[in-house]
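I opened the notebook to record what I could look up in one protein structure. My plan was to go from the whole chain down to single residues.

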Amino acid sequence: MIHSISNWSIQDPYPSKKLEEVVPISMRIQCLIARNTNHELLKENFISISGAINMISGLEYHYQNFMEIVKLLSKGKNYKRPYLEHEIIAYINRVGQFYFFATSSLVKKIIPSILTQIPTIEHIYMFRRKHTGHRSIDRPFKEDTRHLQGVHAMSLTGMIGIHFEPKDKSKSLPQPKLQGRNNWSKLMKDHWKLGYAGYQLNMGKDGIYNIFIEKDHSLIVNEAYSVFEKLFDLNTNYGNKLK
């Protein structure tokens, strides 16, 4: 049976390290699985668990790509700007995949209050629901007015643009003092260097949703890891929960 871990060869990539010493998070989860191969959960759910680890690895991959592009933009390499949106869309889709894993019947049986474990993931998932999974302008939900459909469609594109939040809360980001291309170029370099680049999603009466990958990423992967920690809590009685 393909779903049982007994049919797969699982190796611990860092057998001499404590779990908390292993980075990145996706590799730490692999170590967690390798050290719990006899766990009840893996007898019939290994494929589901293994796929979820790949989702976290994907998040790490797109985060690194995103940060490399930000570094180039801070040096004035503006031709890289459109690539940023491709990476954030790919990142959000991986978040969406993990959201559906975390809220699956398998996980909910073990962690009924799962949404309290993943507040950042739940927040970012809305971008997937309204833009990256499918656009609300193409297949709207009942709450999506015609105006919101247009706003959602522009949310991760250059049509609305990126907004910045200062990394150092005690300081404001530089503001333009003089007109001119050179001054604007320097201003944008400073923004990429000193600020978190963010995107917004207008949800009408539900307010504005924000995503800042550079600061949100660590929250997202640590929330994901907390789900695996609870799934593999040795104090949990799985007997009836997995039936």
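**Entry 1: overall layout**

I noted first that this is a predicted model. I then looked up the secondary structure and found 8 helices and 3 strands. Reading along the sequence, I wrote the pattern down as α-α-α-α-α-α-β-α-β-β-α. I looked up the extent next: the C-alpha atoms fill a box of roughly 70 × 50 × 30 Å along the principal axes.

I checked how much of the chain is covered. The protein has 243 residues, and buried ones make up 44% of them. The exposed surface comes to about 13600 Å², and carbon and sulfur atoms supply 51% of that area.

Among contacts between residues at least 6 apart in sequence, 66% join residues at least 24 apart.

**Entry 2: the largest nonpolar core**

I wrote down one general point before looking: in soluble globular proteins, nonpolar side chains tend to be buried together. In this model, the largest nonpolar core has 63 residues. Which of its members touch the most others? I found F98, F228 and L231.

I then listed the elements that give two or more residues to this core. They are helix 1 (25-34), helix 2 (42-73), helix 3 (81-102), helix 4 (105-110), helix 5 (119-132), strand 2 (195-202), strand 3 (208-211) and helix 8 (213-231). Helix 2 gives the most, with 14 residues.

Leaving aside neighbours within four places in sequence, F98 is in contact with A52, M55, I56, I121, A224, V227 and F228.

**Entry 3: helix 1**

I asked how many of the residues in helix 1 are buried. The count is 8 of 10, and I noted the helix as mostly covered. The buried ones are I25, S26, R28, I29, C31, L32, I33 and A34. I looked up what they pack against and found helix 2 and helix 8.

**Entry 4: salt bridges**

A search of the whole structure gave 13 salt bridges. I looked at three of them.

In one, the side chains of R35 and D12 meet, with N to O at 2.6 Å. R35 lies in the loop between helix 1 and helix 2, and D12 lies in the segment before helix 1, so this pair ties together parts that are 23 residues apart in sequence. R35 is partly exposed, with a relative accessible area of 33%.

In another, K130 forms a salt bridge with D144, and the closest N and O atoms are 2.7 Å apart. K130 is in helix 5 and D144 is in the loop between helix 5 and helix 6 (146-154), so the pair ties together parts that are 14 residues apart in sequence. Are K130 and D144 buried or exposed? I found that both are buried. I also noted that R129, K130, E143 and D144 are linked in a network of salt bridges.

The last pair I looked at was D190 and K186, whose side chains meet at 3.0 Å, N to O. Both lie in helix 7 (residues 181-194), 4 residues apart, which is about one turn of the helix. I compared their cover: D190 is buried, with a relative accessible area of 17%, whereas K186 is exposed, at 52%.

While on charges, I looked up their average places. The protein has 33 positive and 22 negative charges, and their mean positions are 5 Å apart.

**Entry 5: two single residues**

I picked H217, which sits in helix 8. Why do I call H217 buried? Its relative accessible area is 9%, and the cut-off for buried is under 20%. Not counting residues up to four places away in sequence, H217 touches L59, E60, Y63 and Y91.

I then picked S48, which is in helix 2. S48 is partly exposed, with a relative accessible area of 31%. Leaving aside neighbours within four places in sequence, S48 is in contact with F101 and L106. S48 and L106 are 58 residues apart in sequence, yet their C-alpha atoms are 9.1 Å apart in space.

Note on methods: Residues numbered from 1 in each chain as written. Predicted model: local features only at pLDDT ≥ 70, side-chain atom pairs only at ≥ 80, totals over all residues. Heavy atoms only, no water. Core = buried A, V, L, I, M, F, W, Y, C linked by side-chain atoms within 4.5 Å. Buried < 20%, exposed > 50% of the residue type's maximum accessible area, 1.4 Å probe, protein only. Contact = heavy atoms within 4.5 Å. Areas by Shrake-Rupley, 256 points an atom, 1.4 Å probe, with all protein chains shown as cover. Lys, Arg positive; Asp, Glu negative; His and termini not counted. Charge placed at Lys NZ, Arg CZ, Asp CG, Glu CD. Salt bridge = Lys/Arg side-chain N within 4 Å of Asp/Glu carboxyl O.
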